[in-house]
Amino acid sequence: MYASQHYTKTPEEAVAKSMLAGLDLNCDHFTGQHAMAAVKAGLVNESDVDTAISNNFATLMRLGFFNGDPKKQPYGNLGPQDVCTGENQELAREAARQGIVLLKNSNGSLPFLPSAIKTLAVIGPNANVTDTMIGNYHGVPCKYTTPLQGLVETVSATYQRGCPNVACTEADIDSATSLAASADAVVLVMGTDLSIEREDHDRLDLFLPGKQQQLVTEVAKAAKGPVVLVIMSGGGLDVTFAKNDKKITSIMWVGFPGQAGGLAIADVIFGRHNPSGKLPTTWYPQSYVEKLPMSNMNMRPDNSTGYPGRTYRFYTGETVYAFGDGISYTQFNHRHIKAPRLVSLGLDASHPCRSSKCQSLDAVGPYCGKAFEVQLRVRNAGNREGSHTVFMFMSPPAVHRSPVKHLLAFEKVRPGMKEKTVVRFEVDVCKDLSVVDETGKRKIALGKHVLHVGSLKYSLYITI
């Protein structure tokens, strides 16, 4: 607030503003160094300091900090033996499995049948990494299982790093292509690590770093069997080349999957787990960021300057993969069961909008108590069970430069093969069907709203 953002002119002002906003503790010595001066300058009262101290001590008390010897308290002897239980390590594996997003799977290439894979080529700078899988802001893992270690638990595999590191300024393409040409299938584990993207260290572009793209392309060209591209990264990448390359049969994004990432990757590749992850962000082409000044925080596009806008809510241009994308080894169908066609706000006869045409109304008033239910039937049309996240989006009328669509609700279901289940969403008129106008006020747009789930679309009208 003071040193970097220059929000305040003095350290004392920074302490006062943060403390009065409810920040009782900061993870450094700044408050301790400057709080007394802030009190003496009259920027914060001594009673405000008392409140912050009281809150901190109350937390310590709840933790049993003053109850004598910590070793004699209920949680006084917790250690690695409590963290690294079989149950907790399985939880790490399940969390990693659920986070894997399958983005491409040509002709049902995955899952692999282990008995059909006599030799597996595992290639890439992230194929046998440990710390990379954890990302940052983490505890100490119980143990690591790398992608290579996870895969060789199921089939025999041969490993070639391909690049000395993820920067991949050099690539041993000859060795990698030779290995791929002799294997029944190839798994390429590529992407980034904290040397490429982390807090306070932005990427320079959206491409795979260095010669990774060249390595992937040449390996796919040489491969005699299916090729799986596994991407380990924190953010999206422009992998249009791989999306369009017919020799690359599958693409998986695994994020930074944690200590059991290698086991989870193998579980998905060999079909022990049916992938259900969805992209939490849109993956843009490199051309997008070239049109997007990092100093421009506007969400809405500006056609006069070529500014494309931000996020799935406003951006309408080309994407590599979109927010919410992610496929499964089975197929899910959606069918509308119940939702109103018309929602009347029931305005009083004296309301101005009764005599003049209004595009929208303030999202306040008695009609804000209105809500209705949307029911959908989800059917697993495939031959295996699987989890499925049902996203319900809404596209409002084109008023107040409203978003193209926004997410109203989501729910995860797990129907067995050929099974059906019903998903119910409660829609609040003021909360869910409103937009923010040019002045920052929330408005209910009158007219046609479109609810959509996957390819299913349903129109309803809001009237006065």
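A salt bridge here is a side-chain nitrogen of Lys or Arg within 4 Å of a carboxyl oxygen of Asp or Glu. The model is predicted. By the salt-bridge rule, the count comes to 12.

Start with helix H5, residues 86-99. Glutamate 94 and arginine 97 both sit in this helix. They are three residues apart, about one turn. Their side chains form a salt bridge, with N to O at 2.8 Å. Glutamate 94 is partly exposed, at 25% relative accessibility. Arginine 97 is buried, at 11%.

Arginine 97 also pairs with aspartate 267. The closest N and O atoms of that salt bridge are 2.8 Å apart. Aspartate 267 belongs to helix H10, residues 261-269, and arginine 97 to helix H5, so the pair ties together parts that are 170 residues apart in sequence. Aspartate 267 is buried, with a relative accessible area of 2%.

These contacts belong to a wider set. Glu90, Arg93, Glu94, Arg97, Asp267 and Arg272 are linked in a network of salt bridges.

Now turn to helix H8, residues 212-222. Here glutamate 218 and lysine 221 form a salt bridge, at 3.7 Å from N to O. The two residues are separated by about one helical turn, because they are three residues apart in helix H8. Glutamate 218 is partly exposed, at 27% relative accessible area. Lysine 221 is exposed, at 56%.

One annotated region remains. An unreviewed UniProt entry places a domain, "Fibronectin type III-like", at residues 388-457. In the model, this span is 59% strand and 6% helix. Its end C-alpha atoms lie 18 Å apart.

Technical notes
Residues are numbered from 1 along each chain as its sequence is written. This is a predicted model: local features need pLDDT of at least 70, side-chain atom pairs count only at pLDDT 80 or more; totals for chains, interfaces and linings use all residues. Side-chain values use heavy atoms; hydrogens and water are left out. UniProt positions are given in the numbering used here, feature names are shortened, and annotations may be inferred rather than shown by experiment. Helices (H or I, at least four residues) and strands (E, at least two) are DSSP runs, numbered from the N terminus. Buried means under 20% relative accessible area, exposed over 50%, partly exposed in between (1.4 Å probe, protein chains only).
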